[in-house]
Amino acid sequence: MIIVLKPHATDAEISQVIKRIESVGLMAHVSKGTERTIIGAIGDERALQEAPLEAFPFVEKVLPVLQPYKLASREFKPEGSTINVDGVLVGGQRVVVMAGPCAVEGRERLLEVARCVRAANGHMLRGGAYKPRTSPYTFQGLGEEGLKYLAEAKRETGLPIVTELMDPREAAAVYEHADLIQIGARNMQNFKLLKEVGCRRKPVLLKRGMSSTLKELLLAAEYIMSEGNYQVILCERGIRTFEDATRNTLDLSVVPLIKRLSHLPVIVDPSHGTGKRELVAPMALAAVAAGADGIMVEVHPRPEEALSDGPQALLPAAFTQLMGDLDRLAAALGRTL
Ligand code: PEP
Ligand code: MN
């Protein structure tokens, strides 16, 4: 349930509510808005029947959360969340662009793409050091070596790093170098992994599972948030359907739907969402038109040499062109790039 306090409730009053919630074995999650504080009580709410929180004079109202996800819901937090990724704000005015190769393939290649992303005014550098591949015989990523190249690329360009974490055993290494921890589509319901990133304090990019419903995506976010980490960015990256003309079916309708149901920022990945280079720019623009907070795209200077996902990689020139188009679109929508 959600406990809405009267405007300008004091810290002492907030503590009293938290104490009461915790005394009956529930967890309290505090969300401080500019005027009001809202407190979520998570757990078996029947425990509070004996000690109704409405009795406190500084409590304005107590509301049940109708959705199965609580902390991720708009009901819990009516204003949109903004997540700070090493200085880049996701969920605000700016349309945020994360770009880079599918995988970190080597030092020089990564630096080449990083410079191109920087030169085109991209905001973050993406690249997998640990790759979730369908076949065990294909390139699995450079691991820690790849993380070091990402760190070097950040030192040179200043771009924050987005990279995937696949296994809690690799968390220490990934957390040392990454600014935004990606949980890939295949791991969206890897609950141990979700709890791992939930108890750490870096922002998480949670990609929608390829066969997951929106409710399942929001419940996966809830796993992370219920451990105390509220810094979650959602990502639509296409789902499996009968359509085989594209790699996945990019479900852009979830963007405005997520905005209604949740306060969390949402970005779109049209690279995995389509699997085809020529579809990436139009769908990136469509995503922003639909209200996405940003996009993530794969870029490679020589896609024919790429060790993974070459067919969906944008060439640097096409990426630069896309940035120009996004800039004009953002301006038309009253936003900035
Ligand atoms: C990726 O972004 O590198 C990736 C593997 O994406 P997904 O998990 O969406 O397939
Ligand atoms: Mn990829």
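Ligand 1 is surrounded by Arg126, Lys131, Pro132, Glu164, Gln182, Gly184, Ala185, Arg186, Lys207, Arg237 and His272, in what is a predicted model. The residues of this shell divide into six charged, three polar and two nonpolar, and ligand 1 itself sits in the largest pocket. Elsewhere in the description, two aromatic pairs are counted.

**Ligand 1 and its polar contacts**

- Arginine 237, one of the residues that surround ligand 1, places a polar side-chain atom 2.6 Å from an oxygen atom of the ligand.
- Lysine 207, likewise part of the shell, has a polar side-chain atom 2.8 Å from an oxygen atom of ligand 1.
- For glutamine 182, an N or O atom of the side chain is found 2.9 Å from an oxygen atom of ligand 1.
- Taken alone, ligand 1 exposes 290 Å², and 97% of that area is buried by the protein.

**Aromatic pairs**

- The count of aromatic pairs comes to two.
- In the pair formed by phenylalanine 56 and phenylalanine 58, the ring centres are 5.1 Å apart and the planes meet at 20°, so the pair is stacked, given that planes under 30 degrees apart count as stacked.
- Phenylalanine 56 has a relative accessible area of 13% and is therefore buried, the limit for that class being under 20%.
- Phenylalanine 58, at 10% relative accessibility, counts as buried.
- Phenylalanine 191 and tyrosine 223 form a stacked aromatic pair, with 4.5 Å from centre to centre and 25° between the planes.

Terms used:
Residues numbered from 1 in each chain as written. Chains lettered and ligands numbered in written order. Predicted model: local features only at pLDDT ≥ 70, side-chain atom pairs only at ≥ 80, totals over all residues. Heavy atoms only, no water. Near = heavy atom within 4 Å. Polar contact = N/O pair within 3.5 Å; in protein donor to acceptor, adjacent residues only side chain to side chain. Areas by Shrake-Rupley, 256 points an atom, 1.4 Å probe, with all protein chains shown as cover. 1 Å grid on protein atoms, 1.4 Å probe; cavity = no way out; pocket = protein on both sides within 12 Å on 5 of 7 lines; lining within 4 Å. Sits in = over half its atoms within 2 Å of the grid points. Nonpolar A, V, L, I, M, F, W, Y, C, P; charged D, E, K, R; others polar. Phe/Tyr/Trp six-rings, centres within 6.5 Å; stacked < 30°, edge-to-face > 60°. Buried < 20%, exposed > 50% of the residue type's maximum accessible area, 1.4 Å probe, protein only.
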